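Good morning, and thank you for coming. I shall take you through a few selected contacts; please look at the model first.

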Amino acid sequence: MQIILALVIGALFGFALDRNGATNPSVLGRMLALKSLGLMKAILLAIGVGSILMFGGQMAGFVDVGHMSVKAAYVGVFVGGLLLGAGWAMSGFCPGTGVCAVATGRKDALFFIAGGLLGAAAYMVTYPAVEATGLLNSIAGGKVTLGTVPGAKYDGLMGLPGDVLGIVLGLAFVLVAFVLPERPDGTDGARAAAE
Amino acid sequence: MQLNWKVGGLALGLVFFLAVLLVKPIGVSTQFVILDGIVADIVNPALVTETDGVYTSTNAYLAKSDGKYAKSVANPLNYSFLFVLAMMVGAFLSSRLRGGNGAQDNTIPMLWYVNFGDSKVKRYAVAFVGGFITLYGARLAGGCTSGHMMSGMMQTSLSGYIFSAGAFAAAVPVAMMMYRKEG
């Protein structure tokens, strides 16, 4: 059953990424250079919709709180984020969209994947040294959510009800998605849209 | 064709919800490690070992968290690894249905071409270096754009916000410096 779900949800995710233009490095580059924010609006909306449905479903009782998987907070999360951000902007790919871009026929994505496999291998080899720096030591409680989610195995950073907070933040993401201008410079982006 | 951001974002949000409803939140970058491990384990079968159903590895990273990654390396037909392979199938189908990217864009994407010209070597070299930095960073952070940014912030996880702050703090200035012409 898990295998079938992996195949179905994975395929839907790959399909949705491609249909949002996320497999196209030009779309990614224009987004990160803050020239054309259509994909950013889609991502913000997706996070908001996902959040509202998940926490709403938990409150209604049909989403298993145990399915949540919260990653630990440590200084290396920020440092790793900086590195990923730089590589993402340079290449126009992130790990998921790079894999999908290969499947759409992009040859440069193959080089991204090759570099990525080497980078992951480099981390496997250097992991003990990285760990020794203390960069991986938990901060602010490690695996925490912003509010305290009822029934979850994770602590909350704040005592606020985490499910209500999740819905409020989800609505905020949706709001920002709608308010954010598609073209921050005010042009109509006709040329970009014509492609 | 590319979807309107409202339809596209809604579709993407529904997929993220479906994943957490039925199984667990979406993540991708760990599978680069798993593939590396699978290949390395073929070259050196002593890398991952199993004793009474408990997996471990001579590599400290694969052995961490009670051999969680070592187990996935030994059993490639697991949910998360197949998920990434299925993503490729989905993206492939979508791209075929919209008629593909075109031969030129498949070699050098438009935005790259207008800013840096037609050298394939240059584009491939930067994509390779970018991939290296991206995955090293993702593994240091413990997740990527999927696992930390989207799944993480969706679950109101603190780490997702920390990761996203770092990612955009680097990505935006780098992209603004590199892509001055829009194409």
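**A buried serine and salt bridges between chains**

Let me begin with B:S29, which sits in the loop between α1 (5–22) and α2 of chain B; helices here are DSSP runs of H or I with at least four residues, numbered from the N terminus. This is a predicted model, in which local features need pLDDT of at least 70 and side-chain atom pairs 80 or more, while totals for chains, interfaces and linings use all residues. Residues are numbered from 1 along each chain as written, chains are lettered from A in the order written, and side-chain values use heavy atoms, without hydrogens or water.

B:S29 has 1% relative accessibility and therefore counts as buried, meaning under 20% relative accessible area with a 1.4 Å probe, protein chains only. Beyond its neighbours within four places in sequence, B:S29 is in contact (heavy atoms within 4.5 Å) with residues including A:P95, B:L135 and B:R139.

I turn now to salt bridges. B:D105 and A:R106 form one of them, at 2.9 Å from N to O. B:D105 lies in helix α5 of chain B and A:R106 in the loop between α5 and α6 of chain A, so this pair joins two chains.

Finally, A:R183, A:D185 and B:E182 are linked in a network of salt bridges.

Note on methods: Buried < 20%, exposed > 50% of the residue type's maximum accessible area, 1.4 Å probe, protein only. Salt bridge = Lys/Arg side-chain N within 4 Å of Asp/Glu carboxyl O.
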